[in-house]
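Here is a short briefing on one protein chain. Look at the sequence and the 3D view first, then work through the points below.

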Amino acid sequence: QVQLVESGGGLVQPGGSLRLSCAASGFIFRTYLMSWYRQAPGKEREWVARITSSGGVRTYADSVKGRFTISRDNAKSTVYLQMNSLKPEDTAVYYCNVLVGYNRWGQGTQVTVSS
């Protein structure tokens with residue numbers, strides 16, 4: 001019963017900020033690398049960020065580097081994505097991901113950046 005539940009999406013103006021959360025259950029969260037992906041309508045799903053199990057190494061796609069920060073709270077089994085300086089091209093459904101046997105995905109949370 002691996003489960004990922006994203007939340008925190010919404011409508012924000014360009015230049016604004018948003019923090020996404022992904023609540024995980026059904027696996028030993030603290031031992032797994034976690035990732036964020038996003039997908040806009042008609043586009044391929046793209047990788048956004050990943051964080052190692054203890055949070056020691058964080059890696060980002062070039063498109064979000066310097067603007068987004070991935071973090072995790074292993075005590076809460078939750079991974080976060082802090083998004084700053086948002087651009088219209090950041091508009092997408094954002095998904096939490098973990099490889100537990102095979103790739104697992106949440107239901108996604110919509111982020112819309114528009115004035």
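A residue counts as buried when its relative accessible area is under 20%. In this predicted model, buried residues make up 41% of the 115 residues in the protein chain. The briefing starts with the whole chain and then turns to single residues.

**Overall fold**

- The protein chain has zero helices and 11 strands.
- Its pattern along the sequence is β-β-β-β-β-β-β-β-β-β-β.
- The radius of gyration of the protein chain is 13 Å, close to the 13 Å from the globule rule for 115 residues, so the chain is as compact as a globular protein of that length.
- Along the principal axes, the C-alpha atoms of the protein chain fill a box of roughly 40 × 25 × 20 Å.
- Take the contacts in the protein chain between residues at least 6 apart in sequence: 51% of them join residues at least 24 apart.
- The protein chain exposes about 6,100 Å². Carbon and sulfur atoms supply 46% of that area.

**The disulfide**

- A disulfide is a covalent bond between the sulfur atoms of two cysteines.
- The structure holds one disulfide. Which two residues form the disulfide? They are Cys22 and Cys96, with their sulfur atoms 2.2 Å apart.
- Cys22 lies in strand E3 (residues 18-25) and Cys96 lies in strand E9 (residues 92-100), so the pair ties together parts that are 74 residues apart in sequence.
- The angle about the S-S bond is -85°, and the link of Cys22 and Cys96 is left-handed.
- Is Cys22 buried or exposed? Cys22 has 0% relative accessibility, so it counts as buried.
- Cys96 is buried too, because its relative accessible area is 0%.

- Arg38 lies in strand E4 (residues 34-39).
- Arg38 has a relative accessible area of 4%, so it is buried.
- Which side chains make polar contacts with the side chain of Arg38? One is Glu46, at 2.7 Å. Another is Asp90, at 2.9 Å.
- Leaving out residues up to four places away in sequence, Arg38 touches several residues, including Glu44, Val48, Ser63, Phe68 and Tyr94. Glu46 and Asp90 are also among them.

**Aromatic pairs**

- A pair of aromatic rings is described by the distance of the centres and the angle of the planes.
- How many aromatic pairs are there? The count comes to four aromatic pairs.
- Phe27 and Tyr32 form one of these pairs, with 5.3 Å from centre to centre and 85° between the planes. This pair is edge-to-face.
- Phe27 has a relative accessible area of 14%, so it is buried. Tyr32, at 25%, is partly exposed.
- The ring centres of Tyr37 and Trp105 are 5.0 Å apart and their planes are at 75°, so this pair is edge-to-face.
- Tyr37 lies in strand E4 and Trp105 lies in strand E10 (residues 102-105), so the pair ties together parts that are 68 residues apart in sequence.
- Tyr37 is partly exposed, with a relative accessible area of 22%. Trp105 counts as partly exposed, at 32% relative accessibility.
- Ring pairs also link Phe27, Phe29 and Tyr32 into a cluster.

Terms used
Residues are numbered from 1 along each chain as its sequence is written. This is a predicted model: local features need pLDDT of at least 70, side-chain atom pairs count only at pLDDT 80 or more; totals for chains, interfaces and linings use all residues. Side-chain values use heavy atoms; hydrogens and water are left out. Helices (H or I, at least four residues) and strands (E, at least two) are DSSP runs, numbered from the N terminus. Buried means under 20% relative accessible area, exposed over 50%, partly exposed in between (1.4 Å probe, protein chains only). A polar contact is a pair of N or O atoms within 3.5 Å; within protein, one must be able to donate a hydrogen and the other to accept it, and residues adjacent in sequence count only if both atoms are side-chain atoms. Contact means heavy atoms within 4.5 Å. A disulfide is a pair of cysteine sulfur atoms within 2.5 Å. The radius of gyration is taken over C-alpha atoms; the globule rule is 2.2 Å times the number of residues to the power 0.38. Accessible areas come from the Shrake-Rupley method with a 1.4 Å probe; for residues, only the protein chains shown count as cover. Rings of Phe, Tyr and Trp (its six-membered ring) pair if their centres lie within 6.5 Å; planes under 30 degrees apart count as stacked, over 60 as edge-to-face and the rest as tilted.
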